[in-house]
Amino acid sequence: MQRTTAFLAIPAATFLPGLIQRATELELAVSDTPRGKSVNMFYGTLEVIDTGPSTTVELTSADGAQLVSLRETLSWHLDQAGLNHCVTWAKMRVGANPANMALGRVARVLDISPNFRRIRLAGDYTRFLNGGLHFRLLIGPEGADWPTADDTGGTVWPGGVEAWHRPAYTVRDICPEGRWIDFDLFRHEGGRAHDWSGTLSPGQEVGLTGPGGTGLSEAPWIGLFGDETALPAVIRMIRGAPEGTVGEAVILVPTEADIQRVACPPGITLRWALRERGDTLIDAFRAARVPDGPRYVYFASEKAEAAAAREHGAALGLKRGELHALAYWTAD
Ligand SMILES: Cc1cc2nc3c(=O)[nH]c(=O)nc-3n(C[C@H](O)[C@H](O)[C@H](O)COP(=O)(O)OP(=O)(O)OC[C@H]3O[C@@H](n4cnc5c(N)ncnc54)[C@H](O)[C@@H]3O)c2cc1C
């Protein structure tokens with residue numbers, strides 16, 4: 001376990017209700033402790049201890065990488081409330097780079113189909129063997145050094161955090177010893193990550209942070225719907241489904257030539273939808289036969305389509321925890 005402490009020069013009442021509301025929306029547990037409130041977040045636990053005019057928040061995570069992500073979660077929340085200037089972090093012994101950052105090197109870049117580029121990074125990715133499926137690429141301003149950790153474990157971004165492009169990607173494959181990862185980059189118009197990937201050469205250093213996001217949700221029946229950006233996530237979920245799981249998966253790709261070979265367990269059928277044929281992901285979800293019993297639907301696509309999926313899920317009577325409809329990207 002790794003711990004750190006935030007000291008806030010404000011009463012707990014100024015931010016705790018908002019934090020609890022957010023945790024409740026995300027279906028995360030909130031409980032009373034002898035000292036205050038404990039709020040579970042994806043990356044660990046925040047114990048909020050009301051000390052009168054000020055507040056102490058104790059952060060506990062399974063490892064140093066998750067602790068940095070938990071710290072960023074609290075900072076994000078305080079930032080939303082305009083309270084980030086009220087926080088002082090305890091000093092802690094840390095490495096040169098942020099604990100949630102991994103530095104690797106480009107092993108190969110392959111255009112695997114008309115619209116997908118597969119990138120293999122070699123390095124120490126052992127912590128990606130378990131937990132979240134996703135990471136953030138670190139694309140910095142021209143000539144910038146990698147982010148470093150300050151003496152409280154916080155991240156120092158050369159040029160300021162806003163100068164960094166940090167798009168989310170999914171680990172498509174990982175070596176069983178965690179020595180390399182592959183990710184599939186969808187080559188869309190105007191993509192900064194796509195332009196960046198065109199400049200990569202073998203041996204070049206690449207930084208990322210993670211793992212992040214949730215792991216795999218389990219249910220006897222699963223429905224998985226993903227567009228190009230969620231193709232790796234859907235494939236990981238198919239692969240990670242426990243034995244005996246049944247269900248259906250639909251992946252939307254631009255052309256027939258973008259279809260990938262995927263081994264599916266016996267109970268799960270995978271269908272490919274094609275943009276060139278006029279298929280849409282929301283139509284695929286609407287056409288799916290979602291059973292009444294225990295079920296889980298994962299839908300990841302463009303923001304407006306994810307909103308339409310939430311509406312359809314509500315019409316089907318899917319309850320909290322039975323549907324995750326996520327915006328993987330936003331159209332302009
Ligand atoms: C949890 C998670 C996991 C993800 N995993 C993957 C993954 O494994 N592979 C992958 O390719 N993507 C993945 N994405 C999506 C990816 O993060 C976004 O597409 C991101 O915007 C890409 O950054 P960019 O630099 O290419 O484009 P940006 O510079 O962010 O955007 C430039 C322009 O491209 C447009 N744009 C962005 N995405 C798309 C798109 N898919 N189609 C058309 N136009 C687009 C934007 O609207 C904008 O106009 C994931 C997203 C999330 C949230």
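**How many bridges join strand β7 to strand β8, and do they run parallel or antiparallel?**
Strand β7 (residues 101-113) is joined to strand β8 (residues 116-122) by seven bridges, and the two run antiparallel. Look for D111, which stands opposite R117 in β8. Strands here are DSSP runs (E, at least two residues), numbered from the N terminus, and helices are runs of H or I with at least four residues. As background, strands of a sheet pair through backbone hydrogen bonds, either parallel or antiparallel.

**A note on the model.**
This is a predicted model, where local features need pLDDT of at least 70 and side-chain atom pairs count only at pLDDT 80 or more, while totals for chains, interfaces and linings use all residues. Residues are numbered from 1 along each chain as its sequence is written, and side-chain values use heavy atoms, with hydrogens and water left out.

**The open sheet of seven strands.**
Follow the order β12-β9-β15-β7-β8-β14-β13, with antiparallel pairing; two strands pair if DSSP finds at least two bridges between them. At the edges stand β12 (168-170) and β13 (173-174), each with a single partner strand, so one side of each has no neighbour in the sheet.

**A salt bridge between D184 and R118.**
The side chains of these two residues meet at 2.6 Å, N to O. A salt bridge needs a side-chain nitrogen of Lys or Arg within 4 Å of a carboxyl oxygen of Asp or Glu, and the structure holds 19 of them. This pair links distant parts of the chain: D184 sits in strand β14 (residues 180-186) and R118 in strand β8, 66 residues apart.

The domain assignment, automatic or from a database, gives domain 1 (2-89), domain 2 (101-212) and domain 3 (221-329). The C-alpha centres of domains 1 and 2 lie 28 Å apart. Seven residues of domain 1 are in contact (heavy atoms within 4.5 Å) with eight of domain 2. Together the two domains bury about 530 Å², 47% of it on carbon and sulfur atoms; buried area is the accessible area (1.4 Å probe) that two parts lose on being put together, summed over both.

**Domain 1's side of that meeting.**
Y43, A65 and R71 supply 54% of the area domain 1 buries against domain 2, more than any other three residues. Between these domains, the salt bridge count is zero. Helix α2 (residues 64-80) gives the largest share of domain 1's touching side, four residues.
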